[in-house]
Amino acid sequence: MGKVLTAIGLMSGTSMDGIDVALVETDGETIVRRGPSAGYAYEPRFRDRLKQGLEDAKSIRKRDERPGALAELERDLTYRHAEAIRTFIQENNLLHESIDVIGFHGQTVLHRPDEALTVQIGDGELLARETLIDVVYDMRANDMVHGGQGAPLIPAYHAALARGLSESSEIETPVVFVNIGGISNITFIGAGDGIVAYDSGPGNTLIDQWVEAHAGIPYDQGGMIASEGSVLPELAERYLAHPFFLSEKRRSLDRNDFAPPAGTDASLEDGARTLAHVTAAAILRSARHLPKRPATYIVCGGGRLNPVIMRDLASLAEAAGGRVLAAEALDLNGDSMEAEAWAYLAVRSLRGLPLSFPGTTGVRRPVSGGRRAARPKDALKARG
């Protein structure tokens, strides 16, 4: 058992809506004490810059390339993360010197696992200078060096949470954690230390793109638009017949792997309703590749706040002999779980413990990862 460290995790996901921040006290193994969390939204103009960054990144062939406005965007993104850290520490009355490390995800602008290429913009060295705290960043790259897909990395944290839930008589096993973010992913917790995880399909990204293009709003809050529509079977099956769901080889997804429908394919409401169904059905289709049929699905991520997705998921899971629970039903935080995971992974990285496993990313053997940016040597003096 290692020393318990206090870590802050930072996550800016594929939905590009803002920065999630969470504090965790952990040894990177069995001890997990969850602390406060918060979310800080990006202003609309910066979200537009992030979207342009996705376009600029398409020409990248080497991880350190920053074409177009990406270098400037990376700097400004890092400054926003530094400000989020300062605000979080102040709002929660934390002692700056009590924070041992920051786990910094950055913003994924390109993910091509078949080319062993993944790019998360975010300057860890700059963040360490701005916050005067050690930073662990770029945690996906080493997995790809060793033959992995670079995602998902959160399963190591899911396994730690599952150990804490294992004594609960309410939880039937096997347990699957479902994260519905921009892309959805699932983590199967089997007997012993067995973990199987992979991306399961489009999450919120298609719905977000659809309603933004046709209603001028960033997402379908509370599933209000979808609740007014009907599922279009042919459109839904167009997505669910994608080769991704049929292949025995699981792979990680980029948000560009699935495109939103054309404007002529559906009305605003029917399009949102159909895409909500696709989000839920994709999870069950991908679950077919798991070692055993799940008994309990624990749902986190923004998608759990869309009741249309959750109703469809519950109905489909029940038909397959499973039960769906939102993370909060188990006293977990479905909004901050990814940020918590990045705090946990930062401590694992410092200890040289594996972040990914053959059953999660397809890496050849369990490997650690991440780069460490040390706080300036005069940081303690600067704090005083």
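Colleague: Which residue of S6 stands opposite Phe104?

Modeller: Tyr137 does. Bear in mind that this is a predicted model, in which local features need pLDDT of at least 70 and side-chain atom pairs count only at pLDDT 80 or more, while totals for chains, interfaces and linings use all residues. Residues are numbered from 1 along each chain as its sequence is written, and side-chain values use heavy atoms, with hydrogens and water left out.

Colleague: What makes S4 and strand S6 (residues 135–137) a pair?

Modeller: Two strands pair if DSSP finds at least two bridges between them. S4 and S6 have three, and they run parallel. The strands themselves are DSSP runs of E with at least two residues, helices being runs of H or I with at least four, and numbering starts from the N terminus.

Colleague: Which other strands pair with S4, and in what sense?

Modeller: Strand S1 (residues 5–12) joins S4 over five bridges in the parallel sense, with Gly9 standing opposite Gly103. Strand S5 (residues 117–121) also has five bridges to S4, but that pairing is antiparallel, and there Thr108 faces Gln120. S4 and S5 make a hairpin with four residues between them.

Colleague: Why is S4 called largely enclosed?

Modeller: Buried means under 20% relative accessible area, exposed means over 50%, and partly exposed is in between, with a 1.4 Å probe and protein chains only. In strand S4 (residues 101–112), 11 of the 12 residues count as buried, so the rest of the structure largely encloses the strand.

Colleague: Which peptide bonds are cis, and what are their omega values?

Modeller: One joins Ala151 and Pro152, with omega about -5°; Pro152 is in the loop between helix H4 (141–145) and H5. Another runs from Thr173 to Pro174, with omega near 0°, and Pro174 is in the loop between H5 and S7.

Colleague: Why is the angle between H5 and H11 called what it is?

Modeller: Axes are lines fitted to C-alpha atoms, for helices over the stretch in contact, and angles run from 0 to 180 degrees between N-to-C directions. Under 35 degrees counts as roughly parallel, over 145 as roughly antiparallel, 65 to 115 as roughly perpendicular, and the rest as oblique. The axes of H5 and helix H11 (residues 337–350) cross at roughly 100° and come within 9 Å, which makes H5 roughly perpendicular to H11. Residues in contact (heavy atoms within 4.5 Å) include Tyr157 and Leu161 of H5 and Tyr344 and Leu345 of H11.

Colleague: What else does H5 lie across?

Modeller: Helix H5 (residues 155–165) lies across S7, strand S8 (183–189), S9 and S10, at about 50° to S8. Those strands belong to an open five-stranded sheet with the order S9-S8-S7-S10-S11 and mixed pairing.

Colleague: What makes S9 and S11 edge strands?

Modeller: Strand S9 (195–202) and strand S11 (323–326) each pair on one side only. Inside the sheet, S7 (residues 175–180) and S10 (residues 296–300) run parallel with five bridges, and Val176 stands opposite Tyr297.

Colleague: How is H6 packed, and which of its residues are buried?

Modeller: Thr205, Leu206, Ile207, Asp208, Trp210 and Val211 are buried. They pack against S8, S9, H7, helix H9 (268–287) and helix H10 (307–319).

Colleague: Last one: how do you know whether the whole chain is compact or extended?

Modeller: The radius of gyration is taken over C-alpha atoms, and the globule rule is 2.2 Å times the number of residues to the power 0.38. The protein chain has 13 helices and 12 strands. Its radius is 20 Å, close to the 21 Å the rule gives for 384 residues, so the chain is as compact as a globular protein of that length. Buried residues make up 55% of the 384.
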